[in-house]
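Please keep the sequence and the structure in view while reading.

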Amino acid sequence: MDLFLSPMNAIKQVTIVGTGLIGGSLALALRHRGIRVIGSDKPRVLAMAEEMGAIDSGVENPARACVGSDVVILAANVGGIIDSIENLGPTLHRDVLMTDVGSTKVEILKRAKAVFGDSTKTRFLGGHPMAGKEHSGIENANRALFSRAAWIFTPEGERLSDLAHEYIKLIASLGTDILHLSAEQHDRLVAWTSHLPQMLSTAFAAALQDEAQLEAQARVTHVQMQEVGGRALHEMTRIASSPYSMWRDIALTNAANIEDAILKLEQRLTHIRENLRTPELRAEFERAARFKKAD
């Protein structure tokens, strides 16, 4: 086993509230580094997590699951994370670090400040791994999920607690690229890099569904559309199967930034539509190519 032990051995046990795709993958990765992991979720999910070796033990009640842990990681959807901060935060010892993996940060941090007050900067650390799959659930967990992925932290204040520093080191040991942003910077950035692609894929796939139903009258099937579309169509619609249950809370808590990104994309698409027969279309392709060349 590839053990990770800090010089002070500060993190011996963590509790992960929500052992689905992200929580389960993180549990697998942390156990591989010698950390004791307690999971909290529905009994069926915990049973599968234990069978997979993702957790040392499962406790359905979140408050009881947190007993004895140095770090509590909230890995539910955004709404569940906000509720857990409200319900679990006041029950935790002051030396315990609470963190999360939520896809938006402003509303989460706002709730943390309401619960922890002036001690927020030492007791709560916002986090967001930029990793995932189109299919959720513990059955899709993979301990290598975070390798080479960005993990964004949104600390409240410039000075972190020693335990927060140790947790960040632990996350870095998973092969992640650590970034530090404000909550506001995070939400603006992911609106463009994560949330807009999801909404675009969803809209595109929904439009294809409508078109397929119309084309069915001409005996053009879904399968034929996918075969003709090939890899490009598959890649453009791959994340369209992501569950609404996860994206509902993201849309609710980052609506203004997502609206801004969608509006600007709409304007760009309108510009392309209006210039399909003009040299300006070449300029658009060249502008897009410059972005990709910067990779």
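Thr99 stands opposite Leu125, a residue of β6. The model shown is a predicted one. Strand β5 (residues 97-100) and strand β6 (residues 124-129) run parallel and are joined by 2 bridges.

How many strands does the open sheet have, and in what order? The sheet has 8 strands with mixed pairing, in the order β3-β2-β1-β4-β5-β6-β7-β8. Its edge strands, which each pair on one side only, are β3 (57-58) and β8 (177-180).

Helix α1 (residues 21-32) lies across several strands and runs at about 165 degrees to β1. The table lists some of the strands that α1 lies across.

| Strand | Residues |
|---|---|
| β1 | 13-17 |
| β2 | 36-40 |
| β4 | 71-74 |
| β7 | 150-154 |

Strand β6 is also among those that α1 lies across.

Next comes the interior. In soluble globular proteins, nonpolar side chains tend to be buried together. The largest nonpolar core in this model has 37 residues, and Val14, Leu26, Ile73 and Tyr167 have the most contacts inside it. At least two residues of this core come from each of β1, α1, α2 (43-52), β4, β7 and α7 (162-172). Helix α1 gives the most, with 7 residues. A second, separate core of 22 residues includes Ile82, Ile108, Leu109 and Trp247.

Which residues does Tyr167 contact, leaving aside its neighbours within four places in sequence? They are Ile11, Leu26, Val71, Ile73, Leu97, Thr99, Leu125, Trp151 and Phe153. Two of these, Thr99 and Leu125, are the residues that stand opposite each other in β5 and β6.

Helix α5 (residues 106-116) has four residues to look at: its buried residues are Ile108, Leu109, Ala112 and Phe116. Seen down the axis of α5, these buried residues fall within an arc of 95 degrees, so they line one face of the helix. An α-helix has 3.6 residues a turn, so residues three or four places apart point the same way. Ile108 and Leu109 are also included in the second core. Just after α5, Gly117 takes a positive phi of about 60 degrees.

Is Asp295 buried or exposed? Its relative accessibility is 68%, so Asp295 counts as exposed, the cut-off being over 50%. From C-alpha to C-alpha, Asp295 is 32 Å from Ile73, and the two are 222 residues apart in sequence.

Methods
Residues are numbered from 1 along each chain as its sequence is written. This is a predicted model: local features need pLDDT of at least 70, side-chain atom pairs count only at pLDDT 80 or more; totals for chains, interfaces and linings use all residues. Side-chain values use heavy atoms; hydrogens and water are left out. Buried means under 20% relative accessible area, exposed over 50%, partly exposed in between (1.4 Å probe, protein chains only). The arc is that of the directions from the helix axis to the C-beta atoms. Two strands pair if DSSP finds at least two bridges between them. Contact means heavy atoms within 4.5 Å. Axes are lines fitted to C-alpha atoms, for helices over the stretch in contact, and angles run from 0 to 180 degrees between N-to-C directions. A nonpolar core is a set of buried Ala, Val, Leu, Ile, Met, Phe, Trp, Tyr and Cys residues joined through side-chain atoms within 4.5 Å.
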